[in-house]
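Subject: Structure handover

Hello,

Please find the structure below, ahead of my notes on it. The notes go from the whole chain to particular contacts.

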Amino acid sequence: MLQQTQVKTVIPYFKKFTKNYKTLKSLSKSSEKKILKLWEGLGYYRRARNLLATSKILVSQYNSKFPKTIKEIKTLPGIGDYTANALLGLVHDQPVIAVDGNVKRVFSRLINKQESKINFDQLIDKNKIKFFNSKRNSDFVEALMEFGALICKPKDPKCNICNLKKNCKYFNSSKKIKTNKRKMIEDKNYDVFCYVNKKKQIALTKKNNLGFLNQFNLPEIRESKKNASTGNWKFLKRYRNSISNKKLNMNLYYKFSNKIPESFVWYSMEENKEFIPTFTKKIFRQVSILF
Ligand code: SF4
């Protein structure tokens with residue numbers, strides 16, 4: 001849940017989730033529909049799907065225990081190098097480091113060398129004995145990530161209160177390296193076509209090819225093309241939406257109609273038992289000005 005999401009946003013979801021699923025087994029017996037409803041509003045829904053799929057694998061293949069090798073962990077859905085290392089360190093207290101942006105920045109500043117010029121695997125391997133001498137590996141892994149997020153921050157690192165400043169080459173150098181710029185945000189334009197009816201309903205389909213929301217309930221959405229015809233759709237408004245590292249410019253069109261294409265289903269714009277992603281709810285809010 002915490003991937004790309006702040007702790008304060010996650011807390012109510014975490015409480016609700018763990019209240020519903022007290023054991024790995026109960027989670028593994030749940031349905032995608034129920035999990036997505038509990039996750040509604042938190043975004044990055046692939047995480048919820050992967051969590052459910054992983055729980056099923058752990059129960060059926062690993063006797064409800066978490067595997068102990070990186071090779072096995074990386075076969076679980078949605079788990080790559082970073083998460084596998086974090087889990088090995090945090091769950092099994094193994095001497096490994098999950099190298100994320102925070103950790104890279106801390107190391108790069110400590111030796112005052114650009115991230116692109118550092119082989120982090122080599123650096124960690126060389127210093128393994130030094131890093132893991134406390135027998136508190138999991139605390140070290142967590143502390144390193146937190147240190148990057150709270151003290152050695154991207155902008156304005158808190159060097160004055162930092163315990164490492166005596167040995168930090170960045171702090172002590174007159175020629176400090178520049179911190180890596182954040183990933184460029186991608187700007188995209190989309191046309192959204194909404195069938196609506198007088199009952200304040202909107203037609204949605206799971207058949208869409210929008211990669212980041214594939215198989216979720218959405219109106220018809222197409223990437224905007226210059227001079228493309230919008231037929232008899234009426235333009236409603238233009239608005240912005242952000243999703244992961246994309247900034248989306250949305251052109252919203254609508255049509256009052258009782259007939260909808262086969263793969264579409266009517267949904268209320270006010271209350272739905274089925275999971276509706278935040279992205280779609282935002283469309284509801286824009287369209288509701290028609291009523
Ligand atoms: S002294 Fe400053 S730059 Fe160096 S590790 Fe501490 S916070 Fe980061």
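What share of the contacts in the protein with a separation of 6 or more comes from residues 24 or more positions apart? The figure is 61%. Please keep in mind that this is a predicted model.

Overall description

The protein has 291 residues, of which 20% are buried. Its secondary structure consists of 12 helices and six strands. Along the principal axes, the C-alpha atoms fill a box of roughly 70 × 50 × 30 Å.

Helix α6 against helix α10

Helix α6 covers residues 81-92 and helix α10 covers residues 137-150. Their axes come within 7 Å and cross at roughly 135°. An angle of 65 to 115 degrees would count as roughly perpendicular and one over 145 as roughly antiparallel; α6 and α10 are therefore oblique to each other. The crossing of α6 and α10 is left-handed. On the α6 side the residues involved are Ala-86, Gly-89 and Leu-90, and these meet Asn-137, Ser-138, Val-141 and Glu-142 in α10. Sorted by class, this contact of α6 with α10 has three nonpolar, three polar and one charged residues.

Helix α7 against helix α10

Helix α10 also packs with α7, at an angle of about 80° and with the axes 8 Å apart. That makes α7 roughly perpendicular to α10. From α7 the contact takes Asn-102, Val-103, Arg-105 and Val-106, and from α10 it takes Leu-144, Met-145, Phe-147, Gly-148 and Ala-149. The residues of the contact of α7 with α10 divide into six nonpolar, two polar and one charged.

In soluble globular proteins, nonpolar side chains tend to be buried together. Here the largest nonpolar core has 16 residues, and Ile-97, Val-103 and Leu-144 touch the most other members. At least two residues of this core come from each of α6, α7 (101-110) and α10. The helix that gives the most to this core is α6, with four residues.

Which residues does Val-103 touch, not counting residues up to four places away in sequence? They are Ile-97, Leu-144, Met-145 and Gly-148. There is also a second, separate core of 15 residues, which includes Val-192, Leu-204, Ile-221 and Val-287.

Two individual residues

Ile-57 lies in helix α4, which covers residues 46-61. Is Ile-57 buried or partly exposed? With 14 other C-beta atoms within 10 Å, Ile-57 is partly exposed, because a buried residue needs 20 or more and an exposed one has 12 or fewer. Ile-57 and Ser-28 are 29 residues apart in sequence, and their C-alpha atoms are 8.3 Å apart in space.

Trp-266 lies in strand β6, residues 264-268. Trp-266 also has 14 other C-beta atoms within 10 Å and is partly exposed. Setting aside neighbours within four places in sequence, Trp-266 is in contact with Asn-197, Gln-201 and Ala-203. From Trp-266 to Thr-205 the distance is 9.0 Å, C-alpha to C-alpha, across 61 residues of sequence.

Regards

Key. Residues numbered from 1 in each chain as written. Contact = placed C-beta atoms within 7 Å. Axes fitted to C-alpha atoms, helices over the stretch in contact; angles between N-to-C directions. Parallel < 35°, antiparallel > 145°, perpendicular 65-115°, else oblique. Left-handed = near helix turned anticlockwise from the far one by under 90°. Nonpolar A, V, L, I, M, F, W, Y, C, P; charged D, E, K, R; others polar. Core = buried A, V, L, I, M, F, W, Y, C linked by C-beta atoms within 7 Å.
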